[in-house]
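Here's a quick walk through the side-chain contacts and helix packing in this model. Have the structure open as you read.

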Amino acid sequence: MKTILNVIWLILSGIWLFLGYLLAGVLLCITIIGIPFGIAAFRIAVYALWPFGYTTVERHDAGAPSCIGNVLWLVLAGWWLALGHIVTGIALCITIIGIPFGIANFKMVPLSLLPLGREIVPTDAPFASR
């Protein structure tokens, strides 16, 4: 079932969100300071491409650098990407078939705002990283 959902997601919004995260990652990797943020953007891009069957969990070993990095991420790229998820989620919720995909978009908003200190894991093992 998750394969069917991922294919429909890819057609409806996944490819555009993937390209948005790739663009953000490339722009952030231009500077040496932005490379960790670019890597986070690339990691989320793959999650935005195939979100069903995966979830995010907090990394307990992430400390103050993740907090500071999240503030910088929010200013540099986070709110643009979150806005993309909100607009896409609203557009998908207009139709009955698109409602589950719109909800999936809204679930990705917190990750797009504060991605550092989180890890993407399969849903069958959400506590495997702990």
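Which side chain meets Arg59 in a salt bridge? It's Asp61, with 3.1 Å from N to O. For the record, a salt bridge here is a side-chain nitrogen of Lys or Arg within 4 Å of a carboxyl oxygen of Asp or Glu.

Before going on, some ground rules. This is a predicted model, so local features need pLDDT of at least 70 and side-chain atom pairs count only at pLDDT 80 or more, while totals for chains, interfaces and linings use all residues. Residues are numbered from 1 along each chain as its sequence is written, and side-chain values use heavy atoms, with hydrogens and water left out.

**Salt bridges**

Searching the whole structure turns up two salt bridges. Besides the Arg59 and Asp61 pair, Arg118 bridges to Glu58, with the closest N and O atoms 3.9 Å apart. Helices (H or I, at least four residues) and strands (E, at least two) are DSSP runs, numbered from the N terminus.

| Residue | Relative accessible area | Class |
|---|---|---|
| Arg118 | 23% | partly exposed |
| Glu58 | 47% | partly exposed |
| Arg59 | 38% | partly exposed |
| Asp61 | 59% | exposed |

**Aromatic pairs**

Three aromatic pairs come out of a search of the whole structure. Rings of Phe, Tyr and Trp (its six-membered ring) pair if their centres lie within 6.5 Å; planes under 30 degrees apart are stacked, over 60 edge-to-face, and the rest tilted. One of the pairs is Trp9 with Phe52, edge-to-face at 6.0 Å centre to centre and 85° between the planes. Trp9 belongs to helix α1 (residues 2-28), while Phe52 is in the loop between α2 (35-49) and β1 (54-58), 43 residues apart.

Phe52 also pairs with Phe101, again edge-to-face, at 5.8 Å centre to centre and 85° between the planes. Phe101 is in helix α4 (residues 99-107) and Phe52 in the loop between α2 and β1, so this pair ties together parts that are 49 residues apart in sequence. Put together, Trp9, Phe52 and Phe101 make one aromatic cluster. Trp9 is buried, Phe52 is buried at 17% relative accessible area, and Phe101 is buried at 3%.

Now to α1 and helix α3 (residues 64-92), which pack at about 170° with their axes 11 Å apart. The axes are lines fitted to C-alpha atoms, for helices over the stretch in contact, and angles run from 0 to 180 degrees between N-to-C directions. That makes α1 roughly antiparallel to α3, the label for angles over 145 degrees.

On the α1 side, the residues that meet α3 include Leu12, Leu17 and Tyr21; on the α3 side, they include Trp73, Gly84 and His85.

Leu17 lies in helix α1 and is buried at 8% relative accessibility. Leaving aside residues up to four places away in sequence, Leu17 touches Trp9, Ala48, Gly84, His85, Thr88 and Asn105, where contact means heavy atoms within 4.5 Å. Leu17 and Tyr47 are 30 residues apart in sequence and 9.8 Å apart in space, C-alpha to C-alpha.

How values were computed:
Buried means under 20% relative accessible area, exposed over 50%, partly exposed in between (1.4 Å probe, protein chains only). Angles under 35 degrees count as roughly parallel, over 145 as roughly antiparallel, 65 to 115 as roughly perpendicular and the rest as oblique.
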